[in-house]
Amino acid sequence: MSNVPDNAPQHCPGTESQDAGKASACAGCPNQNICASGAASIPDPAIDIIKNRLSNVKHKILILSGKGGVGKSTVTSLLGHALAAKNPDINVGILDADICGPSQPRVLGVRGEQVHNSGSGWSPVYVTDNLSLMSIGFLLGSPDDAVIWRGPKKNGMIKQFLSEVDWGELDYLLIDTPPGTSDEHLSAVQYLSKAGLSGAVVVTTPQEVALLDVRKELQFCDKVGVKVLGVIENMSLFVCPNCKTRSEIFPATTGGAVQMCSDLDTQMLGSLPLDPLLARCCDEGTDFLQALPNSPAVIALKDIVDKIISACESA
Ligand code: ADP
C-alpha cells in the first residue's frame, strides 16, 4: 500500500519519505505542516487493533462498484445468503460500510433492529443463525443523517466499524463499500492492511458507461495492492416472465464485462439477470434464495459463490 495520500500533489514524496513536507512539490499542500512534523508517518495504532479484532475472520472481501445503482448492495446481500446457505457451519458477516446509503438493514429484512454495545464491542444483528450484519443504518437517528458527513467523520466511522464489532468466528466477512473510489475505500484498505484482505469483488452492469468506472476501480485495486477476486455483471439480461423473450436492458455495446475481463486478465465470476421478483424481495427484505430457489438468478449466484470460494482459498 502506497503511503501517498489521496489528495496529494502530483510529485508527493509520500508521508514516510525523509522529504515529507520539505520537497518542492509539498509547497502549498494542505498537509505540508503535518508531514514536515513527522506526525503523518506514524502508523495509526488502529491498524494493529483491527488486525487483532479480525483475527477470527478467515476471509475478508471488499465489494466494490464503479457507479451507484448497479446492484452492489443487492449482490452483497445475495452473496451473504448464498454463502450462509451452503453449509450451516459456514459463518458469514456483512459489514455495511456504504455510509451515505446503508441499505443492508432493509434488503436483509432487519430494519429497526437495535445493535448492542457490550464489553467485547458492538454485537452485529443476526439475520439467520449463520448470517450477521453490522450497518451504519442501525446507528443513525434518521436515514438521512450520514449524507452530510465529511471525509474525516466517515473515515472515523469505518475505523470504528472495523475495530469495534465483535463478529465472533467468521468464515467470510463481506464489506459493502460506497460506489467509486473515495476516501472511505482508501481508509478501509489501509486499516485492513495488516488484517489481510482476501480481495475484492467488483459489481457492474454491462453498458460501457458503467464499465468505464469499473476499469478505474480495477486500477485502484492494482494501485493499493488489493487482489481482484473477480467481476460480477448484474442485470445483464431480462427474460419476460410472460412471453420468455430475452432482452438486453443495458446493451453491452463494447462486449460487456466478459470482454473487459478478458482484456484486463481478470476473472469473470458470472452474470445475474434482471429479475423484478428479486427487486421485490429486496424491497420487502425477504430471502430471494428461499423464495425462488430454482430461478435463473439463484442458479447463476450459486456458481458465482463457488468461484469466490475457490478464489479466496487460492488468495
Ligand atoms: P447499489 O448498491 O449499486 O447502489 P442496489 O443494490 O441498491 O444498488 O440496487 C439498485 C436497485 O436495483 C434496487 O432497487 C435493487 O432492488 C435493484 N436491483 C439490483 N439488482 C437487480 C436485479 N438483478 N434484478 C432486479 N432488480 C435489481
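A: Happy to! Glutamate 233 touches Thr204, Thr205, Pro206, Gly256, Ala257, Met268, Gly270, Ser271 and Leu272, leaving aside residues up to four places away in sequence; contact here means heavy atoms within 4.5 Å. This is a predicted model, in which local features need pLDDT of at least 70 and side-chain atom pairs count only at pLDDT 80 or more, while totals for chains, interfaces and linings use all residues. Residues are numbered from 1 along each chain as its sequence is written, and side-chain values use heavy atoms, with hydrogens and water left out.

As for its place in the fold, glutamate 233 belongs to strand β9, residues 228–239 (strands are DSSP runs of E, at least two residues, numbered from the N terminus). Glutamate 233 is buried, that is, under 20% relative accessible area with a 1.4 Å probe and protein chains only.

What about a charged partner? Glutamate 233 has no salt bridge, meaning a side-chain nitrogen of Lys or Arg within 4 Å of a carboxyl oxygen of Asp or Glu. The nearest side chain of opposite charge is arginine 215, 10 Å away; Lys and Arg count as positive and Asp and Glu as negative, with His and the chain ends not counted.

There is a polar contact, though: the side chains of glutamate 233 and serine 236 are joined at 3.1 Å. That term covers a pair of N or O atoms within 3.5 Å; within protein, one must be able to donate a hydrogen and the other to accept it, and residues adjacent in sequence count only if both atoms are side-chain atoms.

For comparison elsewhere, helix α6 (residues 183–191) has seven of its nine residues buried, including Glu184; helices are DSSP runs of H or I, at least four residues. Among the elements covering the buried residues of α6 are α5 (151–164) and α7 (208–224).

Conventions:
Buried means under 20% relative accessible area, exposed over 50%, partly exposed in between (1.4 Å probe, protein chains only).
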